[in-house]
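Subject: Structure handover

Hello,

Here is the structure I said I would pass on. Please open it first and keep it beside you while you read the notes below.

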Amino acid sequence: MKGDMYRFYTGFIKVSKFFGIKAGRSVWKDCYIYTRPYQSYDLAVSELKYLRDSIVPALGAKIIGYDIETSLVQKEEF
């Protein structure tokens, strides 16, 4: 039905990534890594755990924090 709202979940991780050395000091920059949107909370958590445990350590970044965001959208936009 037109106008129905649907909930979707997106996981994100805030990391501090090493960008190099400038003037003799290490330069770290904070950035976010997002998962794709999921309609199931369990799938979003599973993907976030995979990113946290496997992908981010391989990048050499420090994990600052992570969470799951919830949003409402209409079916046509999802």
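The chain has 3 strands in an open sheet, in the order β2-β1-β3, with antiparallel pairing. Two strands pair if DSSP finds at least two bridges between them. β2 and β3 (62-74) are the edge strands, each with a single partner, so one side of each has no neighbour in the sheet. On average, neighbouring strands of this sheet are turned by 20 degrees against each other, direction ignored. That angle is taken between axes, which are lines fitted to C-alpha atoms (for helices, over the stretch in contact), and angles run from 0 to 180 degrees between N-to-C directions.

Before going further, note that this is a predicted model, in which local features need pLDDT of at least 70 and side-chain atom pairs count only at pLDDT 80 or more, while totals for chains, interfaces and linings use all residues. Residues are numbered from 1 along each chain as its sequence is written, and side-chain values use heavy atoms, with hydrogens and water left out.

Overall layout

The secondary structure consists of 1 helix and 3 strands, and along the sequence the pattern reads β-β-α-β. Helices (H or I, at least four residues) and strands (E, at least two) are DSSP runs, numbered from the N terminus. Along the principal axes, the C-alpha atoms fill a box of roughly 60 × 25 × 15 Å. The radius of gyration of the chain is 16 Å, whereas a compact globule of 78 residues would have one near 12 Å. This radius is taken over C-alpha atoms, and the globule rule is 2.2 Å times the number of residues to the power 0.38.

Of the 78 residues, 23% count as buried. Buried means under 20% relative accessible area, exposed over 50%, and partly exposed in between (1.4 Å probe, protein chains only). Among contacts in the chain with a separation of 6 or more, 65% join residues 24 or more positions apart; contact means heavy atoms within 4.5 Å.

β1 and β2 pair in the antiparallel sense over 10 bridges. Within this pairing, lysine 17 stands opposite lysine 29 in β2, and lysine 22 stands opposite arginine 25 in β2. The hairpin has 2 residues between the strands. Alanine 23 lies in this loop, between β1 (5-22) and β2 (25-34). Alanine 23 has a positive phi of about 55 degrees, although it is not a glycine. Most residues other than glycine have a negative phi. Is alanine 23 buried or exposed? Alanine 23 counts as exposed because its relative accessibility is 78%.

Serine 16 is in strand β1 and is buried, with a relative accessible area of 10%. Its side chain makes a polar contact with the side chain of aspartate 30, at 3.5 Å. A polar contact is a pair of N or O atoms within 3.5 Å; within protein, one must be able to donate a hydrogen and the other to accept it, and residues adjacent in sequence count only if both atoms are side-chain atoms. Not counting residues up to four places away in sequence, serine 16 touches Trp28, Lys29, Asp30, Ala61, Lys62 and Ile64.

Threonine 10 is also placed in strand β1, and at 11% relative accessibility threonine 10 counts as buried. Leaving aside neighbours within four places in sequence, the contacts of threonine 10 include Tyr34, Pro37 and Ile68. Arginine 36 is another residue in contact with threonine 10. Arginine 36 is found in the loop between β2 and α1 and counts as exposed, at 55% relative accessibility. Arginine 36 and threonine 10 are 26 residues apart in sequence and 6.1 Å apart in space, C-alpha to C-alpha.

The nonpolar core

Which residues make up the largest nonpolar core? Its 10 residues are Tyr9, Ile13, Val15, Tyr38, Ala44, Leu48, Leu51, Val56, Ala61 and Ile68. β1 and α1 (41-59) each supply at least two residues of this core, and the largest share, 4 residues, comes from α1. A nonpolar core is a set of buried Ala, Val, Leu, Ile, Met, Phe, Trp, Tyr and Cys residues joined through side-chain atoms within 4.5 Å. Alanine 44 touches Tyr9, Tyr38 and Ile68, not counting residues up to four places away in sequence.

Regards
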